[in-house]
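Hi,

Here is the structure I said I would pass on. Have a look at it first, and then read my notes below.

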Amino acid sequence: MMEGREKLIQSFEELFAIEKKAHDYYEKILQQNISDHEEEVVLAIHNDEERHMKIVKEIIQIIESES
Amino acid sequence: MAGGADQLLISKKRLDSLVVSINRIARGNLEKRVIQSKDGDELSKLASSLETLRKSLFKKNKAGKKEAASSPLNEDKVLELEKMNKLMIGRELKMIELKKEIAELKHGKSAEILIDDSRFSDGIKLEESVVESLENDYEKLIQKSDLNKDHKELIITKLQVLLSDSKRHEQALKDLS
């Protein structure tokens, strides 16, 4: 059972890494010379990615609470 | 006296032999063993130390050759990589030129803008892969797990937020391109 949980946690840690990669990608885009509209869209996505990282951490905590 | 003279001659020969060995080692020829004697005198101690040094250098030399052969950054490989790199960059530049030409033929003056908009393509790919793994892997993973029902539902709700956001991101980036 413990092994299953560990694998589950590992999978969500991988998801966290993907969300972090996306967050960093949008941060780079924001540093580039983009239009106001593009900045507005990308900034919203960037903020969402930050929220996604928190959500994935919460999911990991839920799984850990049962371990 | 004669015995003393003989002894001196023998010592001279042994010393000459040691000098030959030292010179050979200095030239990097490490294959041949240093001739040892069982006399236990200073010359035999020197010959023994020299043999230890030869063995050590021989081992290091051999290990160094092996490492150089297996190293991904030996000189030949570096040259080969540089050559490949130039070739790839050349090809990439040619592709950009071709894309520009095609876009110009299709869209006239707006070609430059179309090429520039490809900067969001990495983001679109990233969002696509997130959507795919959320839909195909993560929800199933939770469903199959032995977590309690409430936790399963809570996690799936959270995953659905991620999924709907990622789909929205993908579309927003496509609209920008």
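I'll start with a helix in chain B.

Chain B averages a pLDDT of 76, with 68% of the residues scoring at least 70. Among the elements of that chain, α6(B) has the highest mean pLDDT, at 93, while helix α4 (residues 111–116) has the lowest, at 48. Over residues 111–116 of chain B the pLDDT stays under 50, and the model has eight contacts for them beyond four places in sequence. Where pLDDT is low, the predicted coordinates should not be read in detail.

Now the other helix in that covering, α5(B). How far apart should its ends be, and does the model agree or disagree? Its 24 residues should span 34 Å at 1.5 Å a residue, and the end C-alpha atoms are 34 Å apart, so the two agree. Even so, α5(B) bends by about 40 degrees at Leu134(B). Leu134(B) is also one of the buried residues of α5(B), along with Gly123(B), Leu126(B), Glu127(B), Val130(B), Tyr138(B) and Ile142(B).

Leu134(B) turns up again in the largest nonpolar core, which has 20 residues. Those with the most contacts inside this core are Phe12(A), Tyr26(A), Val42(A), Leu134(B), Tyr138(B) and Leu159(B). α1 and α2 of chain A, together with α5 and α6 of chain B, each supply at least two of the core residues. The largest share, six residues, comes from α1(A). As for Phe12(A), it touches Val56(A), Ile59(A), Ile60(A) and Ile63(A), leaving out residues up to four places away in sequence. In soluble globular proteins, nonpolar side chains tend to be buried together.

On to the interface. There, 19 residues of chain A are in contact with 20 residues of chain B. On the chain A side, α1 (2–31) and α2 (36–65) each supply at least two of the residues that touch chain B. Which helix gives the largest share of that side? It is α2(A), with ten residues. By class, the chain A side has twelve nonpolar, three polar and four charged residues.

Chain A has two helices and zero strands. Of its 67 residues, 24% count as buried. Among contacts in chain A between residues at least 6 apart in sequence, 68% join residues at least 24 apart. Chain B has six helices and zero strands, and of its 177 residues 11% count as buried. For contacts in chain B with a separation of 6 or more, residues 24 or more positions apart account for 54%.

If you open one view, I'd pick the core, with α1 and α2 of chain A and α5 and α6 of chain B all contributing to it.

Cheers

Technical notes. Residues are numbered from 1 along each chain as its sequence is written. Chains are lettered from A and ligands numbered from 1 in the order in which they are written. This is a predicted model: local features need pLDDT of at least 70, side-chain atom pairs count only at pLDDT 80 or more; totals for chains, interfaces and linings use all residues. Two residues are in contact if their C-beta atoms, placed from the backbone, lie within 7 Å. Helices (H or I, at least four residues) and strands (E, at least two) are DSSP runs, numbered from the N terminus. Ala, Val, Leu, Ile, Met, Phe, Trp, Tyr, Cys and Pro count as nonpolar, Asp, Glu, Lys and Arg as charged, and the others, Gly among them, as polar. A nonpolar core is a set of buried Ala, Val, Leu, Ile, Met, Phe, Trp, Tyr and Cys residues joined through C-beta atoms within 7 Å. A residue is buried if 20 or more other C-beta atoms lie within 10 Å of its own, exposed if 12 or fewer, and partly exposed in between; C-beta atoms are placed from the backbone. pLDDT is the predictor's confidence in each residue, from 0 to 100. The expected span of a helix is 1.5 Å times one less than its number of residues. The bend at a residue is the angle between axes fitted to the seven residues ending there and the seven starting there.
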